[in-house]
Amino acid sequence: MNNYDFKMTKLGRDGYILYNEEERDIKIYWEASGVLKYNIIFSTLNLKKWSDTPGIEINIEKQLEILHRLRKWLKENKIKSNIEPPKKIIVTDQHCHWKNCKDNKIEGSAFCLKHFDFNLLVQ
Ligand SMILES: [Zn+2]
C-alpha cells in the first residue's frame, strides 16, 4: 500500500493535482495544453511546502521523490505532460550548465539528468 495518493481537480481549462501523504498535502497547479504532444502543462513546480506547514521548507530529496511519484502517477493515468524526462537519455560530451556541476549534460537539455529534474522545481 502506498502512503500517498494524487487527486486531480479540473476547473475548466486548468486545475490542480492534490498530492496527499500522511494527512498532509501540496496543491500542484496545471493547465490544459495547447499542443498535441501534451495533455496538461505545468509551470515550474512548487513542491517546497506542505499546505499545513507553510513556514517549513521540504528538502530537495523529498521534492524529487514527489516529482518522481507525480510522473509515475501521470503515466499510470495516461496523462502526458511537460515534466517527463527525455524518452531516450543520451549523455553528451558537454558540461551541464548547472552552477558547479561537473557532470555532462544530456542531449536535448542544458543539464545532466539530475539537474534536468532540479530545473523543473521552484528553487
Ligand atoms: Zn548537472
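Student: How many helices and strands does the protein chain have?
Tutor: The chain has two helices and six strands. Helices (H or I, at least four residues) and strands (E, at least two) are DSSP runs, numbered from the N terminus. Along the sequence, the pattern reads β-β-β-β-α-β-β-α. You are looking at a predicted model, in which local features need pLDDT of at least 70 and side-chain atom pairs count only at pLDDT 80 or more, while totals for chains, interfaces and linings use all residues. Residues are numbered from 1 along each chain as its sequence is written.

Student: What makes β2 and β3 a pair?
Tutor: Two strands pair if DSSP finds at least two bridges between them. β2 (14-21) and β3 (24-32) have eight bridges in the antiparallel sense, so the pair meets that cut-off.

Student: Why are β1 and β4 called edge strands?
Tutor: The four strands form an open antiparallel sheet in the order β1-β2-β3-β4. β1 and β4 (40-41) each pair on one side only, and that makes them the edges. In general, strands of a sheet pair through backbone hydrogen bonds, either parallel or antiparallel.

Student: What does leucine 47 touch?
Tutor: Not counting residues up to four places away in sequence, leucine 47 touches Ile26, Ile58, Gln63, Ile66, Leu67 and Leu121. Two residues are in contact if their C-beta atoms, placed from the backbone, lie within 7 Å. The C-alpha atoms of leucine 47 and isoleucine 28 are separated by 7.7 Å, although the two are 19 residues apart along the chain.

Student: Is glutamate 23 buried or exposed, and how do you know?
Tutor: Glutamate 23 has 7 other C-beta atoms within 10 Å, so by the same rule glutamate 23 is exposed. You will find glutamate 23 in the loop between β2 and β3. Its phi is near 70 degrees, a positive value in a residue other than glycine. Glutamate 22, in the hairpin of β2 and β3, also takes a positive phi, near 45 degrees.

Student: And why does asparagine 100 count as buried or exposed?
Tutor: Asparagine 100 has 5 C-beta neighbours inside 10 Å, so asparagine 100 counts as exposed. The place to look is the loop between β5 (91-95) and β6 (104-106). Asparagine 100 has a phi near 65 degrees, again positive in a residue other than glycine.

Student: How do you know that the span of helix α1 agrees with its 17 residues?
Tutor: The expected span is 1.5 Å times one less than the number of residues. For residues 60-76 this gives 24 Å, and the end C-alpha atoms are 24 Å apart, so the two agree.

Student: Which residues of α1 are buried?
Tutor: They are Gln63, Leu70 and Leu74. The face turned away carries the exposed residues Glu61, His68, Lys72, Lys75 and Glu76.

Student: What makes domain 1 and domain 2 two domains here?
Tutor: The bounds come from an automatic or database domain assignment, which gives domain 1 (1-84) and domain 2 (85-123). Their C-alpha centres lie 21 Å apart. Ten residues from domain 1 and five residues from domain 2 take part in the contact.

Technical notes:
Buried ≥ 20, exposed ≤ 12 C-beta atoms within 10 Å, placed from the backbone.
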